[in-house]
Amino acid sequence: MTKHILVTGGAGYIGSHVVRKLIDNGYTVSILDNLINGNKESVPSEVAFYKIDLGDISELRKLFDENNFDAVMHFAAFIEAGVSMKKPAEFFANNCINGSYLLNEMLRHGVKKIIFSSTAAVYGNPIGNKIKEDHPLNPVNHYGRTKLIFEELLRMYKESYDLEYIALRYFNASGADESAEIGEDHDPETHLIPLVLKTVLGERENIKIFGTDYGTPDGTCVRDYIHVNDLANAHILALERLFKNGESDVFNLGNGKGFSVEQVIDSAKKITGKDFKVIKTNRRKGDPAVLVADSTKARDILKWNPKYTSIDDIIKTAWRWHKKHPNGYNN
Ligand code: UFG
């Protein structure tokens, strides 16, 4: 019997890549997505799709009543750190309260395995160089706080209801599937790599560098860019671990290598062969200077081995997607 996985937020950027890997690995997949940020166009035809908001308990219950899920992958959430500072109530309601409805329905129906999309934002300003999972958890934005609250809820439900979970803390998800059929399409877009590539395509006049006076080699912020398909592979490994009755746990997912904003821009110029206008401007609020993962734990325990270790290779795949879909899923 193939295992049936419910993927919430499966029409989103990371969710859509994971859905394809699940199908490739022989799983039956159902997607729940309210399409506020997801794109129906990213959903493969063989997948059952349910346009449901997690806050709609009766629809959620019906979905669980009518299906026998073996596990859940939970991506559905608000993700913009900046927006979270203006809308904490909405973030708490969606990421925590609605997420708790999902957990409650799972338990009501005896579904006790969940993979959760967490984030490096749970750490806040890093102490030291590479961040390990035991680094203090001091998020500096409400987005990170809601993800941390949900992680805590998972720990509570594990202790009291035997829910088994793996929380995956992503660093900077980037790139696109090699097919260029799915990729990153946020509205509004705030992430560096898509914004740089939209500048190359002439959709934007320039790219702004937010801060050139950080204590980094070139003064711009350093991030750990990890390819979305490497993230997707980690989800499959985490799921297999839960099905083998492995321990509930938390893992960082990053390359362990940092690239500065300037290095990303230089790489984009090289890959696309095009020059574009770069404006150096002030720091963006809430940006730590450096965020780089120590993912030794995921490598050792999940046997995860990211393939896209160079920023050029990651940007190549993102460029293919953006060139083919200059208006995202709208064309
Ligand atoms: N940046 C610019 N100009 C831009 C956009 C971004 O200079 O136009 C800079 C940012 O200041 C930052 C870097 O590029 O230094 C990366 O910014 P992103 O917005 O692409 O990503 P963040 O590092 O801010 O955040 C992302 C996710 C978070 C997650 C975090 C984990 O959006 O949800 O990675 O590392 F928590």
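**Labels and their cut-offs**

Guide: Let's start with Arg 155, which counts as partly exposed at 23% relative accessibility. This is a predicted model, where local features need pLDDT of at least 70, side-chain atom pairs count only at pLDDT 80 or more, and totals for chains, interfaces and linings use all residues. Residues are numbered from 1 along each chain as its sequence is written, and side-chain values use heavy atoms, with hydrogens and water left out.

Visitor: Why is Arg 155 called partly exposed?
Guide: Buried means under 20% relative accessible area, exposed means over 50%, and partly exposed is in between (1.4 Å probe, protein chains only). Arg 155 has 23%, so partly exposed is the label.

Visitor: And what makes Arg 169 buried or exposed?
Guide: Its relative accessible area is 2%, so Arg 169 is buried, under the 20% cut-off. Arg 169 sits in strand S6 (residues 164-170); strands (E, at least two residues) and helices (H or I, at least four) are DSSP runs, numbered from the N terminus.

Visitor: How do you know that Arg 155 forms a salt bridge with Glu 152?
Guide: The rule asks for a side-chain nitrogen of Lys or Arg within 4 Å of a carboxyl oxygen of Asp or Glu. For Arg 155 and Glu 152 the closest N and O atoms are 3.4 Å apart, so the pair qualifies. The two are three residues apart in helix H5 (residues 142-161), so about one helical turn separates them.

Visitor: Which residue forms a salt bridge with Glu 164?
Guide: That's Lys 158, with the closest N and O atoms 3.1 Å apart.

Visitor: Where do the domain bounds come from?
Guide: From an automatic or database domain assignment, which gives domain 1 (4-174 + 225-253) and domain 2 (192-224 + 256-302 + 309-330).

Visitor: How many residues of each domain are in contact?
Guide: With contact meaning heavy atoms within 4.5 Å, 29 residues of domain 1 touch 24 residues of domain 2. The rule also finds one salt bridge across this interface.
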